Amino acid sequence: MNADNMSALAVGVGVVALIVGFGVYFNSPELNNAASSQQKIFVPAAIVENNGTITKVQIDKSQFKLAPELTKITGFINSKPITLADLRGKVVLVDFWTYSCINCIRTIPYLNAWYEKYADKGLVIVGVHTPEFEFEKDYNNVQSAVEKFHIRYPVAQDNEKQTWNAYDNRYWPRKYLIDADGYIRYDHIGEGGYAETEKVIQSLLAERAEYIGANTTIDQSISNPESSQSINFDRINTPELYFGYQYSRAPLGNFEGYRPDQIVNYTVPDNTKVVPNRIYLAGEWKNNADHMELQSQVGHIVLSYSAKAVNIVAGGKGELRILEDNSPLDNSSRGTDISEDGTVKIDGQRLYNVVEHEGYGNHQIAIEVAGRGFQIYTFTFG
């Protein structure tokens with residue numbers, strides 16, 4: 001969804017964070033690269049030799065920050081209520097995510113693989129679900145997402161953003177690796193860096209095994225989940241686009257523009273030149289802080305974009321028909337949420353994959369909406 005030399009860019013990121021409310025997603029190479037540049041180099045306290053033996057290295061842990069406790073969690077999934085104090089002696093990976101975030105979704109196969117591979121070696125993963133949209137606070141929505149993504153590790157609902165604030169975090173996704181003594185030893189912002197992160201997990205588990213005298217071997221292979229997706233951010237030239245007036249970072253393509261909390265009858269004249277990366281609407285739409293809601297029985301959305309895949313975060317009710325470059329989508333470009341009859345049935349508040357090309361390119365998507373009450377929050381891309 002959105003957000004990667006830091007000084008100048010950090011100001012921009014900070015402004016964006018204020019506009020969004022409290023955080024940013026990663027969907028541009030600049031933001032991903034900038035975020036990567038501020039991450040500290042991991043300092044190991046144990047070295048695993050090629051023959052499997054572990055050599056201890058003395059390091060001063062006072063240079064590290066103790067991990068803040070999980071704070072004001074409103075619910076747990078896959079676990080009874082837990083605290084980081086309960087997990088002292090384990091290696092803990094704290095993953096900040098939210099279930100409609102495409103960047104978060106693309107990291108889940110790796111988290112699942114690491115949990116399966118290292119849970120019996122002392123790794124605990126805690127998914128801290130910090131919502132962006134109001135509907136992401138709903139326990140049943142989060143639980144459904146946990147089931148859909150085959151997540152088996154504990155998930156903590158941070159609905160009041162108190163744990164997010166305790167970590168002074170501003171990004172989805174973000175992973176913190178905490179050693180057996182409770183110190184944050186590594187963190188990673190955004191997607192990618194999976195091999196590097198897994199190597200840190202292995203090192204911290206080896207460190208833990210050595211210090212507790214456990215006779216265990218830590219698998220040094222690097223995971224490559226079958227369901228993982230390869231994304232080239234340098235080829236995605238359209239950023240995440242918000243429909244809500246409070247979250248938007250660009251004007252609408254329509255001359256009517258945003259009109260907070262009003263119902264607007266949007267039009268797209270036939271001679272309109274569609275500007276890339278601008279949302280165009282047709283029909284009557286209610287302007288809400290974080291989304292648009294269709295008030296007429298039918299509506300249209302048009303966008304000229306540059307990417308390989310298109311997703312929308314949507315909810316309410318309705319049925320969508322997707323056109324691209326003035327033609328219906330063929331089987332090679334249909335997203336996973338398009339049914340055999342070429343429509344998208346809105347069945348809940350979640351992310352819908354509507355276009356999935358084999359390669360990156362420039363296209364114009366048109367979404368025909370049937371159904372008063374359809375709600376749309378964002379476009380995201382892959």
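Me: Hello! Is H150 buried or exposed?
Reply: The classes go by relative accessible area: buried means under 20%, exposed over 50%, and partly exposed in between, using a 1.4 Å probe and protein chains only. H150 has a relative accessible area of 61%, so it is exposed.

Me: Thanks! What kind of model is this?
Reply: Residues are numbered from 1 along each chain as its sequence is written, and side-chain values use heavy atoms, with hydrogens and water left out. Local features need pLDDT of at least 70, side-chain atom pairs count only at pLDDT 80 or more, and totals for chains, interfaces and linings use all residues; the model is predicted.

Me: Where is H150 found, and what is its phi?
Reply: H150 sits in the loop between α5 and β7; helices (H or I, at least four residues) and strands (E, at least two) are DSSP runs, numbered from the N terminus. Most residues other than glycine have a negative phi. H150 is not a glycine, yet its phi is positive, at about 55 degrees.

Me: Which loop holds D168, a residue with a positive phi?
Reply: Phi of D168 is near 55 degrees, although this residue is not glycine. With a relative accessible area of 53%, D168 is exposed. Its place is in the loop between α6 and β8.

Me: Which residues does a cis peptide bond join?
Reply: Most peptide bonds are trans. Here, in the loop between α6 (162-166) and β8, we find P173. Omega of its cis bond is about -20 degrees, and the partners are W172 and P173.

Me: Is K175 buried or exposed?
Reply: K175 belongs to strand β8 (residues 174-178). Contact means heavy atoms within 4.5 Å, and among the residues that K175 touches, leaving aside those up to four places away in sequence, are L111, W114, Y186 and H188. Its relative accessibility is 3%, so K175 counts as buried.

Me: Within what arc do the buried residues of α5 fall?
Reply: V142, A145 and V146 are the buried residues of α5. An α-helix has 3.6 residues a turn, so residues three or four places apart point the same way. The arc is taken from the directions from the helix axis to the C-beta atoms. Seen down the axis, the buried residues of α5 line one face of the helix, because they fall within an arc of 100 degrees.

Me: What do the buried residues of α5 pack against?
Reply: These are V142, A145 and V146. Their packing partners are β4 (75-77), β5 (91-97), β6 (123-129) and β7 (155-157).

Me: What distance separates the C-alpha atoms of L204 and A180?
Reply: L204 is in helix α7 (residues 194-212), and it is buried, with a relative accessible area of 2%. Not counting residues up to four places away in sequence, L204 touches F42, V91, L177, D179 and R185. L204 and A180 are 24 residues apart along the chain, and their C-alpha atoms are separated by 7.9 Å.

Me: And which residues does N265 touch?
Reply: N265 lies in strand β11 (residues 263-266) and is partly exposed, at 49% relative accessible area. Its C-alpha atom is separated by 5.4 Å from that of G283, 18 residues apart along the chain. Not counting residues up to four places away in sequence, N265 touches E256, G283 and E284.

Me: How many disulfides does a search of the whole structure find?
Reply: A disulfide is a pair of cysteine sulfur atoms within 2.5 Å. For the whole structure, the number of disulfides found is 0.
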